[in-house]
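Open the structure in your viewer and keep the selection tool at hand. This tour tells you what to pick next and what is there.

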Amino acid sequence: MSNLLKKLDNYWYHYKWPTLIALFFGIFCIIGIVQMTTKDKIDVNILYTGPYVFSPREVGEVEAAFEAVMSKDYNGDGEMGAEFTNIVLLTDDQVREVRQNAKTGSNSADAIDNVVIDGNGLREAENSFNQQIFAGEVVICLLDPYWYNEVKAAAGFVKLSDVLGSKPDYAIDDYGVLLSDTNFAQYFKVFARLPEDTVLCMRTISTISIFTGREKTEEKWNWNAEMMRDLFAFEFPEGYDPEALEIDEAQTESE
């Protein structure tokens, strides 16, 4: 036993750094392979940016809702997969409102507490948002109106008519609709927790695709375009009445 320990000690003395470097690259490769395998199963990428804080359970509900209305397996890998990215980002006005409400105790349970609102955190969140819009894989966006208008001003969205064939009657402009006006959001109740002015829209093809592979980027973008068409084609199940359901829920709360 002592001889074995001496050999191990001698090995470690002479090959410590090569061993650590090999171990590091081995772990790095394993993580990369796992991530690539996971991403290959993703059909669509969705981004929410705004003041709402999604719990891990709600993130799963959002992904399940998108997967439920997919008309087919877009990438043909045998699985329907949606990946949801949630960036909590407040405007200056929203920060002031949350801080004011914190003083009066009127913040809702899902609001950001004023203690964790700081300039660095907001700047990091905004940088993450810009990176996702400019170079990320997200295509379908659910955005607070402020961030929607920021991206629209930079020509970051595709026209709804170019994706759907025509602009919906209830569209707010050429590029977006209120998510709350869609049958999709009215049926899947996880979206009822979002602000009513959340905008559903679709990003243009990434401008850096010339560096990352135009053909593959266009293919993934087309999968998301199919997802958008499925969202707008979604109809309530027979007998489902969202207005009647709202009345029932209101009566339940009042009792």
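Predicted model: local features only at pLDDT ≥ 70, side-chain atom pairs only at ≥ 80, totals over all residues.

**Stop 1: the largest core**

Select F66, F184, F191 and M227. In the largest nonpolar core, which has 38 residues, these four touch the most other members. Which element gives the largest share? Helix α9 does, with 6 residues.

Zoom in on F66. Leaving aside residues up to four places away in sequence, F66 touches I46, A82, I140, F184, F191, M227 and L231.

Next, select L47, I87, A125 and W147. These belong to a second, separate core of 15 residues.

**Stop 2**

Show the side chains of β3. Which way do they point? I140 and L142 point one way, while C141 and L143 point the other way. All four are buried. In general, side chains in a regular strand alternate between the two faces of the sheet.

β1 and β3 pair in the parallel sense, over 4 bridges. Pick Y48 to see one of the links: the bridge partner of Y48 in β3 is L142.

**Stop 3: T49**

Stay with strand β1 and select T49, which lies there. Is T49 buried or exposed? T49 counts as buried, because its relative accessibility is 0%. What does T49 touch? Its contacts are I87, L89, F129, L142, L143, D144 and W147, not counting residues up to four places away in sequence.

**Stop 4: the salt bridges**

Switch to the charged side chains. Side chains of opposite charge can pair when their charged atoms come close. The structure holds 9 salt bridges.

Start with K220 and E137. They form a salt bridge, with the closest N and O atoms 3.5 Å apart. This pair links distant parts of the chain. K220 is in helix α9, and E137 is in the loop between α4 (119-135) and β3, 83 residues apart. K220 counts as partly exposed, at 26% relative accessibility. E137 is also partly exposed, with a relative accessible area of 36%.

Stay on α9 and select K216 and E219. Their side chains meet in a salt bridge, at 3.3 Å from N to O. The two residues are 3 apart in the helix, so about one helical turn separates them. K216 has 43% relative accessibility and counts as partly exposed. E219 is partly exposed too, at 36%.

Move on to D174 and K167. This salt bridge has its closest N and O atoms 3.3 Å apart. D174 is partly exposed, with a relative accessible area of 33%. For K167 the value is 40%, so K167 is partly exposed.

Finish with R57, E58, E61 and R193. Select them together: they are linked in a network of salt bridges.

Technical notes. Residues numbered from 1 in each chain as written. Heavy atoms only, no water. Core = buried A, V, L, I, M, F, W, Y, C linked by side-chain atoms within 4.5 Å. Buried < 20%, exposed > 50% of the residue type's maximum accessible area, 1.4 Å probe, protein only. Contact = heavy atoms within 4.5 Å. Salt bridge = Lys/Arg side-chain N within 4 Å of Asp/Glu carboxyl O. Pairing = 2+ DSSP bridges.
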